[in-house]
Amino acid sequence: MNQVNGLKIEINQHRYMDNKLYVSIGIHAGFAYKEYVSLTDPTRRIKVNQASANVFMEYMRLAAMKQLGKTLRVNTTTNASVLTFLMTASAFDRDIHQVMELVYGHEMDEEVFAEAKINCEMNFKQNYKDIAFRAYTKMIEFSDKRKDFHFHHLTRDIQAIELADIKHFMELFVNFPNTVLLINGNTDKITEADFFHQLKETQKPGEVIVPSPHVAGMQPMEDQHLIAVDKELYSVGAMHFDFDPQVVPVHDQFALLQLIGHCLFKRDFAVSIDNFDASIQYQEHPLLEYKNQLSLSLTQGTVKEACLSIQEEVEYLLVEKPYQFNQLFLSLYVNGIDLIKYYVTIKTYQPEFIKKIMKQHYKAISECHMVLEQGAKVNYV
């Protein structure tokens, strides 16, 4: 990965029809964090509105439409935010300049912010009607415990966010040291683009801001079995892996959990990884003590099948779903995981190797089962 004035740049060569380029900017900030620290002064804790990333992304989507007449795809996860533009090689210099000015040099508009806030509130209310969304988001309180995430804090912050919160977020995160640029597509014709020369003269300085470690070093979490009343019957489970990143790097954690998830749940699971939390959340499966089934599930056949399935998924996203490929690439990269390296090395993981790591860290694995029993409608927030 190249770096210019603190901005990390990844160029992925793939030939899409009509010389299309999918250009994304990734920010290491999502909806699960509310406190950060500066690497230059770790004693200074920086608080943010927990919904800042969501509202900022929606603001950018609206601003791109209103000011540039361009469609912007946005995505926010627990620990990353990614925005993606579609460009062509012939118009790359013009379009990338407009995008950089919009994202890094934008003067906030109060009316656009008000619209973005309303849209986020409406989207959240619409998503909340889906029981799978309610269960998944509530379960994050367990799977992202190290972040001290609480569902009701996020809903409160969506309602309470103000323009000053977004300006504060931009000042902290939307600068070269805290972002990554990915250019995915037929890049042959842009290698000599003026953009790369101009970038050498462009300064967007800032401190490197990272999530606060105030909840790190906690004792391993205990298993939990939760029951709540909802308007529908539903169940969801999660496994939390309390690995030390110094012992098992996040890149290896991601590979391990993806293989385990495929072996245990096929495709009905989601892996979340960063320096605080590593988890597998599953739905539509029996709520069992899956950590006791790891050794039996990790056979030569199941691991090989999982490897092939993972490689097929990455290839499918790259070829058929480039927006999703970019989102996945950058949401992983800001957390120290290289998707291309992962794709290449995943097939080197053997069952005995995985079993050995799981055995060594068995006490660091905890599970949570949540059952929503049909009854009265309950408002979690």
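User: Leaving aside its neighbours within four places in sequence, which residues is A364 in contact with?
Analyst: Leaving those neighbours aside, A364 is in contact (heavy atoms within 4.5 Å) with H240, F241 and D242. This is a predicted model, in which local features need pLDDT of at least 70 and side-chain atom pairs count only at pLDDT 80 or more, while totals for chains, interfaces and linings use all residues. Residues are numbered from 1 along each chain as its sequence is written, and side-chain values use heavy atoms, with hydrogens and water left out.

User: And how many residues apart along the chain are A364 and H240?
Analyst: They are 124 residues apart along the chain, and their C-alpha atoms are separated by 8.0 Å.

User: Is A364 buried or exposed?
Analyst: A364 has a relative accessible area of 14%, so it counts as buried (under 20%, with exposed over 50% and partly exposed in between, using a 1.4 Å probe and protein chains only).

User: Switching to rings, how many aromatic pairs does the structure hold?
Analyst: It holds 24 aromatic pairs (Phe, Tyr or six-membered Trp rings with centres within 6.5 Å; planes under 30 degrees apart are stacked, over 60 edge-to-face, the rest tilted). One of them joins Y16 and Y22, whose ring centres are 5.1 Å apart with the planes at 75°, so this pair is edge-to-face.

User: Are those two tyrosines buried or exposed?
Analyst: Y16 is buried at 10% relative accessible area, and Y22 is buried at 7%.

User: Which ring does the charged end of R73 sit over?
Analyst: The charged end of R73 sits over the ring of Y323, 3.9 Å from its centre (CZ of Arg or NZ of Lys within 6 Å of the ring centre and within 35 degrees of the ring normal). The charged end of K291 sits over the ring of Y362, 5.6 Å from its centre.
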